[in-house]
Amino acid sequence: MTGTIRASGAKNAALPALAASLLASEPVELTRVPAVRDIRTMRHLLDHLGVRSEERGEALVLHPDGEPADGEAPYELVKTMRASVLSLGPLLARRGHARVSLPGGCSIGVRPIDQHLAGLAALGADVRLEGGYVEATGRLVGGRFRFEMPTVTGTENVLMAAVLADGVSVLENCAREPEVADLARLLVRMGARIEGVGGETLTVEGVSELGGARHEIIPDRIEGGTYLVGAALTGGDVILEGAEPADLAPLLEKLADAGARVEPGERRVRVRAGGGLISQDVETSPHPGFPTDLQAQFMALMTQARGVATLSETVFENRFQHVPELVRLGAAIEVKGHVAQVHGPTPLSGSPVMATDLRASACLVLAALAAEGESVVHRIYHLDRGYEDMEGKLQHLGASVERVSGPEPG
Ligand code: EPZ
């Protein structure tokens, strides 16, 4: 993979930003919203909740002036995208009640939302679970809450409730992912009063209402990181434009340690293959640690590195589903609990493989590009949730890849 591509806006920053429009009393204008399926799903949910959205040139404009169909986030919508749970906090804050289907688990884990609910209860909400739905009601008042663990959407949900609560809230052990800080900056632009943005303690002084805002979504560090791993894996040279090197720091450090040539610049990063890859151990952890969303992609890289790489997945309980598919391509990987050991380098040869979740799909595409011969990656609808025009970007980088439709295996 060789050439220059531009990072898309971050899906995991755009999703909470869209949900934040539920709080607004005027239109919210977002730019650099990625054209991916999860965004379309969120727009559909917002429409159902009375927030119309329209594309105006480069911007997505959200109009929170509509009448909600029934003011609830139904199971049919929530089950297709867990991030729908981000409607809970803002709906409760703006309307005094919310009824949102429980998201249910997904292939990478149970994905509970107990911290979301405990946080809302700490702000005075009456939270009940019945029939697979969360019912939250009440006038929110400022309160103090400490998350049991850093949770990205948990922090975002409770933050979006606190901004309209009556009084001051102190939220501790917050997630520090760049996407959380981006949401906080949007809320401040809408008139919210938030101190400590980017840190683990957020202090929020509630206001009576939030106006509109114009806001550019931050670049997607996971999408961008995926292509930079691809450069190192395929002996290539990729320049990622419109990126934020600081947000990619945990990955860039590991790529350099593994022997790639990493050159961060002004809103851009260049990664070139070095003279051979050396195995690196990785342990995923909440930001600023190594992102769990890049674990699968990095594992694909380690199949071509000399030595034994130990990858520990500490965030989710079942995020090694790409392992058997990598083994089918020729990788030598042993999994014991939440630790995978990758012995490399091993030659990879093309074969049919099956994607199981968004980031596993990306890992298999990268490994297939490094394999000898043709591979077919099945169920790439997972990819379409979070990667804008992946085949276009890969083809632009000289990869031989095409999207084919055809019978799914099994
Ligand atoms: C967000 O999911 C991302 N999704 C995920 O990206 C990402 O993998 C994850 O953060 C971790 O970085 C969006 O932002 C839309 P968590 P989220 O709450 O918020 C436990 C992708 O590929 N937990 O930070 O659901 C949970 O089980 C997706 O784009 C509780 O126990 O993740 C997990 O072990 C996949 N109770 C850990 O915390 C709770 O109430 C971190 O989960 C909440 C979380």
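**Loops, strands and ligand**

Modeller: Let's start with Asn173, which is found in the loop between strand E10 (168-172) and helix H7 (178-189). Keep in mind that this is a predicted model.

Biologist: What is the phi of Asn173?

Modeller: Asn173 has a positive phi of about 60°, although it is not a glycine. Most residues other than glycine have a negative phi.

Biologist: And is Asn173 buried or exposed?

Modeller: Asn173 has a relative accessible area of 14%, so it counts as buried. Arg379 also has a positive phi of about 60° without being a glycine.

Biologist: Where is Arg379, then?

Modeller: Arg379 is in the loop between strand E22 (376-378) and helix H13 (381-384). Its relative accessibility is 26%, so Arg379 counts as partly exposed.

Biologist: Let's switch to peptide bonds. Which kind is the one from His287 to Pro288, cis or trans?

Modeller: The bond from His287 to Pro288 is cis, with omega near 10°. Pro288 belongs to the loop between strand E17 (282-283) and helix H10 (295-302). The bond from Gly344 to Pro345 is cis as well, with omega near -5°, and Pro345 is found in the loop between E20 and E21.

Biologist: Where does Ser351 sit?

Modeller: Ser351 is in the loop between strand E20 (339-344) and strand E21 (352-354).

Biologist: Why does Ser351 count as buried?

Modeller: Because its relative accessible area is 11%, and the cut-off for buried is under 20%. Leaving out residues up to four places away in sequence, Ser351 touches Arg328, Leu329, Glu374, Ser375 and Val376.

Biologist: OK, on to the ligand. How many residues surround the ligand?

Modeller: There are 22 residues around the ligand, and the closest are Gln115, Thr151, Thr153, Asp293 and Val315.

Biologist: Now the strands. What is the order in the open sheet of 4 strands?

Modeller: The order is E5-E6-E8-E7, with mixed pairing. Strand E5 (72-73) and strand E7 (126-130) are the edge strands, each pairing on one side only. E7 pairs with strand E8 (residues 133-137) in the antiparallel sense over 5 bridges, and Arg128 has Glu135 in E8 as its bridge partner.

Biologist: How do E3 and E4 pair?

Modeller: Strand E3 (residues 52-56) and strand E4 (residues 59-63) pair in the antiparallel sense over 5 bridges. Glu54 stands opposite Val61 in E4. Their hairpin has 2 residues between the strands, and Gly57 there takes a positive phi near 65°.

Biologist: Last topic, rings. How many aromatic pairs are there?

Modeller: The count comes to 2 aromatic pairs. Phe145 and Phe147 form an edge-to-face pair, 4.9 Å centre to centre with 85° between the planes. Phe290 and Phe298 form an edge-to-face pair at 5.5 Å centre to centre, with 70° between the planes.

Biologist: Are those residues buried or exposed?

Modeller: Both Phe145 and Phe147 are buried, and both Phe290 and Phe298 are buried too.

Biologist: What lies over the face of Tyr133?

Modeller: That's Arg99, at 4.0 Å from the ring centre.

Terms used. Residues are numbered from 1 along each chain as its sequence is written. This is a predicted model: local features need pLDDT of at least 70, side-chain atom pairs count only at pLDDT 80 or more; totals for chains, interfaces and linings use all residues. Side-chain values use heavy atoms; hydrogens and water are left out. Two strands pair if DSSP finds at least two bridges between them. Rings of Phe, Tyr and Trp (its six-membered ring) pair if their centres lie within 6.5 Å; planes under 30 degrees apart count as stacked, over 60 as edge-to-face and the rest as tilted. Buried means under 20% relative accessible area, exposed over 50%, partly exposed in between (1.4 Å probe, protein chains only). A charge sits over a ring if NZ of Lys or CZ of Arg is within 6 Å of the ring centre and within 35 degrees of the ring normal. Contact means heavy atoms within 4.5 Å. A residue is near a molecule or strand if one of its heavy atoms lies within 4 Å of it.
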